[in-house]
Amino acid sequence: MTVAAPRYISYIPLTDLAPDPANPKAHEIERIIASIHDHGFVETPVVDERTGLAIAGHGRRCALIEMQARGEQPPDGLLVDDDGGWLVPVTRGWASTDDRQAHALLILLNRLPEAGGWRPEPLAAILEDLATSDPDLLDSLCFTDEEMENLLRQVDPETLAQGPDGTHTPEPDLYSQDQTDTGDNERNTSLCCPACGHLFTPGR
């Protein structure tokens, strides 16, 4: 017996992915573009079948349009039609009952991911591994100096003392002073990971 899937992925022209004019969410387009460069196009936008408008994915849509305008090649995850147009995967099958529900979900889908916060020790362990193995990927996450400081205050350095290969790694002091002279007699304070010694400097 064949059962119709209530949700499914469909590829549509990027030009047909219409935004909701009521969308209140702002986006850091350059960060989204950088993420697509690093990982491909992973998270699919969602289309409201009642309105035909995007209910999620406005920032990703803008990022793709900007990448295409710059003459970039279509990222991994997209297809190209016979005319060279970009085809983007979208999730189909959900329909709002009215505009109020659509707008409420538009906001909720942005607020839910941030609502739970982070589990400090698993997050710190992942960041520590990135710091030792791929600092560029760590920097792409754009954790601020203050965020790293608050995170590392919540974890026990002993829980981060095991490297990816199971061996013990050095445990430097939580705080470290970078005493490099900037030429104007200023001192730069850096936060040091308690497990790997990676320095998190302001603005990185």
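**Close-up 1. Thr91, a buried residue of strand E5 in the predicted model.** Thr91 has a relative accessible area of 18%, and because the limit for a buried residue is under 20%, Thr91 counts as buried. Strand E5, where Thr91 is placed, covers residues 86–94. A polar contact of 2.9 Å joins the side chain of Thr91 to the side chain of Thr44. When neighbours within four places in sequence are set aside, Thr91 is in contact with Tyr8 and Ile9, and also with Thr44, Pro45, Val46 and Val47.

**Close-up 2. Trp118 in the loop between H3 and H4.** The relative accessibility of Trp118 is 65%, so this residue counts as exposed. Between Trp118 and Leu151 there are 9.2 Å in space, C-alpha to C-alpha, and the two are 33 residues apart in sequence.

**Close-up 3. The largest pocket, with a volume of about 1700 Å³.** Its lining consists of 43 residues, of which Arg31, Ile32, Ser35, Glu43 and Pro113 are the closest to the centre of the pocket. By class, the lining holds 20 nonpolar, 15 polar and eight charged residues.

**Close-up 4. Helices and a strand that line the largest pocket.** Helix H1 (29–39) supplies at least two residues of this lining, as do H2 (58–69), H3 (99–115), H4 (120–133), H5 (135–140) and H6 (145–152). Strand E3 (54–56) likewise supplies at least two. H1 gives the largest share of the lining, seven residues.

Terms used
Residues numbered from 1 in each chain as written. Predicted model: local features only at pLDDT ≥ 70, side-chain atom pairs only at ≥ 80, totals over all residues. Heavy atoms only, no water. 1 Å grid on protein atoms, 1.4 Å probe; cavity = no way out; pocket = protein on both sides within 12 Å on 5 of 7 lines; lining within 4 Å. Points joined across faces, edges and corners; volume = space filled by probe spheres on them. Helix = DSSP H or I, 4+ residues; strand = E, 2+ residues; numbered from the N terminus. Nonpolar A, V, L, I, M, F, W, Y, C, P; charged D, E, K, R; others polar. Buried < 20%, exposed > 50% of the residue type's maximum accessible area, 1.4 Å probe, protein only. Polar contact = N/O pair within 3.5 Å; in protein donor to acceptor, adjacent residues only side chain to side chain. Contact = heavy atoms within 4.5 Å.
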